[in-house]
Amino acid sequence: MKALFLVGGLGTRLRPLTDRMPKPMVPVMGKPLLERNMEALKLHGIREIVLSTCYRPEVIEQYFGNGSDFGLKIRYVCEESPLGTGGAIKNCEQYFDDTFLVFNADILSNINYSEMLRYHKRKKADVTIAVTQVENPSAYGVIEYDEDGYAYLFKEKPAPHEVVSHFINAGVYVFEPSVLWKIASGRPVSVEREVFPKLLEQGRKIAVYKGCNYWLDIGTPEKYIQAHRDGFEGRLHLPEINFHERAVYSASDPHISGTAVLRGPVCLGRNVRIEAGAAVGPNVVIGDNGQIGKKCKVANSILWNNVVLEDGAELSECIVTDGSTVEGASKLKHSIYTPDMIKSAKHLAV
Ligand code: GTP
């Protein structure tokens, strides 16, 4: 069994977090989202992965290489210009001659992939789509389905008066390879807007899989923060971290001054230094090589790798991206900071 991750989107809604890296590489509790999703697949015995890249492909390739360091076999198919979700799947056709999984790579979920595959076979479907229930489906692709569990209508971003179903496309699919023939090649195609409705017109069977009780797409900064809130509060399962058992998780032995105070939940990457008198937590992530200067205060914030807070800096409800240095005595609140923004003394409210 192989899996295809669509990782080529521009991630415009998540800017500036995606200024230098594609959305699937954004760290979730210190680890790239894509790595978390690949680890979840491995638990179901799936080790052959195709990555459909386009925006900033080098960031992904440098991190994962051929996959051997991660116990995976990874192949890359890079688009010169974005082909859309359906076009990207078509573009990888050469790698799939049997039932395969397809993922939007910007989601976190607890879908049981083995169970979903069994369901797909049982329903004798051409495609199975995982769905999840949301209160307000107007920003999503809504799916209506019959009593036998087969889709009969797709509606993208319905207006409030058009909402009938609250089940939305969760961005995880099982595909039969025969479906690929039907997708136009060499031009952008949306799987949600074009491929699925066309398959219905042709009388193909699209089954709907509902076994998903945690689901979040991290497409916007608000959702990105929500993912961390869910991680800290235990709604999002993080295999290597359990804040109920250990309020301060650290990937390696950190250097923490005796007079620094840590209030969990706190997640520390490798090689973190926290100096005297600093107060860190609650709900804080400090990525690899993070340096927290003397008397700094950090709460409810996500710091990516190689972030330096100079002495006395205070951060609350901030996201600080790779390689940023926050000047001493700065007081930052409710904001996203990137190295470029810090240089130009700009920041973005979240
Ligand atoms: P926005 O620009 O904020 O809408 O984000 P996005 O470009 O990532 O689009 P969207 O959230 O709809 O994408 C869903 C998934 O499909 C993500 O994992 C994207 O990386 C991926 N994706 C979207 N468009 C393309 C594309 O043209 N090519 C490839 N290979 N992947 C895509």
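**Figure 1. The two domains of the predicted model.** Domain bounds are those of an automatic or database domain assignment, and in this predicted model the chain is divided on that basis into domain 1, residues 2-220, and domain 2, residues 242-349. The C-alpha centres of domain 1 and domain 2 lie 33 Å apart, and the contact takes 9 residues from domain 1 and 13 residues from domain 2.

**Figure 2. The nonpolar cores, with a close-up of L34.** The largest nonpolar core has 64 residues, and those with the most contacts inside it are F5, L34, L51 and L101. Because domain 1 (2-220) and domain 2 (242-349) both give residues to this core, it lies between them. A second, separate core of 29 residues includes V127, I129, V189 and I206. In soluble globular proteins, nonpolar side chains tend to be buried together. Once its neighbours within four places in sequence are left aside, L34 is in contact with F5, V7, P24, M25, L51, I60, F64 and A105.

**Figure 3. Helix α5 and the elements that cover its buried residues.** Helix α5 spans residues 191-201, and within this helix V191, E192, V195, F196 and L199 are buried. Seen down the axis of α5, these buried residues fall within an arc of 105 degrees, so they line one face of the helix. An α-helix has 3.6 residues a turn, so residues three or four places apart point the same way. On the other side of α5, R193 and E201 are exposed. What covers the buried residues of α5 includes the helix α3 (84-91) together with the strands β6 (100-104), β8 (127-133), β10 (151-156), β11 (167-175) and β12 (206-209). The helix is followed by G203, whose phi is positive, near 80 degrees.

**Figure 4. Helix α6 and the glycine that follows.** Helix α6, formed by residues 221-232, has 12 residues and reaches 17 Å from its first C-alpha to its last, which is close to the 16 Å expected at 1.5 Å a residue. The buried residues of α6 are P221, Y224, A227, H228, D230, G231 and F232. After α6 comes G234, with a positive phi near 85 degrees.

Figure 5. The structure holds 0 disulfides. C78 is partly exposed, with a relative accessible area of 44%. C318 is likewise in no disulfide, the nearest cysteine sulfur being that of C296, 12 Å away, and C318 is buried, with a relative accessible area of 2%.

Figure 6. V272 is found in the loop between β17 (266-268) and β18 (273-274), where V272 is buried, with a relative accessible area of 1%. Leaving aside its neighbours within four places in sequence, V272 is in contact with P254, H255, I286, G287 and G290, and the C-alpha atoms of V272 and A251, which are 21 residues apart along the chain, are separated by 9.3 Å. S330 is found in the loop between β26 (325-326) and β27 (331-337). At 17% relative accessibility, S330 counts as buried, since the limit for a buried residue is under 20%. With neighbours within four places in sequence again left aside, S330 is in contact with G312, A313 and E314.

Figure 7. Most residues other than glycine have a negative phi, and most peptide bonds are trans. The peptide bond from G264 to P265 is cis, with omega near 0 degrees, and P265 lies in the loop between β16 (261-262) and β17. The peptide bond from G281 to P282 is cis, with omega near 0 degrees, and P282 has its place in the loop between β19 (279-280) and β20 (284-286). K157, although not a glycine, has a positive phi of about 40 degrees; K157 lies in the loop between β10 and β11 and is partly exposed, with a relative accessible area of 49%. N306, a residue other than glycine, has a positive phi near 55 degrees. The place of N306 is in the loop between β23 (301-303) and β24 (308-309), and at 39% relative accessibility N306 counts as partly exposed.

Technical notes. Residues are numbered from 1 along each chain as its sequence is written. This is a predicted model: local features need pLDDT of at least 70, side-chain atom pairs count only at pLDDT 80 or more; totals for chains, interfaces and linings use all residues. Side-chain values use heavy atoms; hydrogens and water are left out. Helices (H or I, at least four residues) and strands (E, at least two) are DSSP runs, numbered from the N terminus. The expected span of a helix is 1.5 Å times one less than its number of residues. Buried means under 20% relative accessible area, exposed over 50%, partly exposed in between (1.4 Å probe, protein chains only). A nonpolar core is a set of buried Ala, Val, Leu, Ile, Met, Phe, Trp, Tyr and Cys residues joined through side-chain atoms within 4.5 Å. Contact means heavy atoms within 4.5 Å. A disulfide is a pair of cysteine sulfur atoms within 2.5 Å. The arc is that of the directions from the helix axis to the C-beta atoms.
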